[in-house]
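Please find below my notes on this model, arranged as numbered points.

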Amino acid sequence: MVSKLVTCLALLLQFNIFLSYCTMTSSRRNTKFCDEASGSSAGTSSEHFDHEIAQLTKLRSGPNEYISKLFGGKNKDWISPVKMLAARESNFFRKSKFSMADGCHMLSRYLPVNGPYLVDQMESCAYVSQFSSDGSLLVAGYQGSHIRVYNVEKGWKVQKDILARSLRWTVTDTSLSPDKRYLVYSSMSPIVHIVDVGSSVMESLANVTEIHEGLNLSIVDGEDNGDSFSVFSVKFSTDGREIVAASSDNSIYVYDLVANKRTLRIHAHEEDVNTVCFADESGHLIYSGSDDNLCKVWDRRCLTSTCQPAGTLIGHLEGITFIDSRGDGRYFISNGKDQTIKLWDIRKMSSNSECATTPRNYDWDYRWMDYPEELKKLRHPNDQSLATYRGHSVLRTLIRCHFSPEYSTGQKYIYTGSNDGTVYIYDLVTGALVSKLSHHETTVRDCCWHPYLPIVISSSWDGMVIRCEFRGDEVNPPPLKRRRRRRYLI
């Protein structure tokens, strides 16, 4: 009897402690958190939409439904970290740890907005930045032929410095294999090179200190057909056995690394193919985007001799610069020269792209001209996208956009580089601009979010690779020392 009474008193005391936590100064939310209610929507045009992906995002990154109803207040989609921790310690979740969604709800509030912290700086433009799948390595590609691999776990020290072979103009793209053993890089050339990242050689000079094997995409059945084109995008498959490439000859290429030969060429678009990626782990579906303003879906299981796409997605008014898959074989986002990001569901694709492109009645080139102000609010009459995000600037180069990580954010955000030297972070569902990381002097071509930690890397034409992160101690970063760099023509 006495033991039961003690147990009841202990539970009552625990509950009182929980209530006191809930009424603490947690209402004074840290300004570094992301709150949809307070997120600025200026510069964006995407409205809150009721679609399956909105529900999936909520399931991945929303709080426990029971806790949300009990302690959510007016905004049931926002539960303060103090209340979440107190509920867990009081066993309101009926288990000893957060679910994946609860963890994402907690971690997604802490945006990587503190900084900037310099990772590296060179005299030439930084074009590419990419984390390995486990976040232990960072790859950055520069116009001056250098590709550097940084060890994240050892204070961002350079683990390997690769001097690109047969470089034409710039390193256009890099891709790290899933096992972190190999890296492929492309240039304004039909030859993609592969390097052994796992070797002990720190300074990798092509065919001097290390072999950079060339994978010639213009070779068919052992014979070089003499084609000359540029490769703008290259990606590893999830199993690391194949790479897919997008080129200036309007084609998509698939190269089998095991068989060491090109296995597929698709004449995919009517203009340059700027971006390509695998849709999911299976490797059957491929997404492509082109200067013909179209996104296309290709199913390798049913390609015929005519190489017709499984479907076409219409909505951009100008060329597509980059595509990023959500990884589920259903949703992806695209960055366009019409200064927008669009969210797509491939189940809405059309089998016929006739009359898909609207004729342009104005002369404009994104490489050296600003986008006409009167065109920024135009919408394609047959737009099939789910949502449109505006605010950033897609000029001068093929600027890239991405989904935020699944583990820490539940892919709740999308983020992109911009010509104004800023990284923009948007809420996927509401379209709100939740944060701007303005730390560069000029174009941010690429950026990447650590798969597990609140860290964002941006690579810019000012030659700097910069790190922003969430730091609980609020330590002020040292001032960046910007050096004078060599100028390159765009």
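1. Patches are made of residues with over 30% relative accessible area and no salt bridge, like charges being joined within 9 Å and nonpolar side chains (Val, Leu, Ile, Met, Phe, Trp, Tyr) within 5 Å. A salt bridge is a side-chain nitrogen of Lys or Arg within 4 Å of a carboxyl oxygen of Asp or Glu, and accessible areas come from the Shrake-Rupley method with a 1.4 Å probe, only the protein chains shown counting as cover for residues. M100, L107, Y407, Y452 and L453 make a nonpolar surface patch of about 490 Å².

2. This is a predicted model, in which local features need pLDDT of at least 70 and side-chain atom pairs count only at pLDDT 80 or more, while totals for chains, interfaces and linings use all residues. Residues are numbered from 1 along each chain as its sequence is written, and side-chain values use heavy atoms, with hydrogens and water left out.

3. Rings of Phe, Tyr and Trp (its six-membered ring) pair if their centres lie within 6.5 Å, and planes under 30 degrees apart count as stacked, over 60 as edge-to-face and the rest as tilted. By this rule there are twelve aromatic pairs. F229 and Y253 are stacked, because their ring centres lie 5.1 Å apart with the planes at 5 degrees. Both F229 and Y253 are buried (under 20% relative accessible area; exposed is over 50%, partly exposed in between, with a 1.4 Å probe and protein chains only). Y287, F332 and W344 form one aromatic cluster.

4. In the backbone, G115 and P116 are joined by a cis peptide bond with omega of about 10 degrees.
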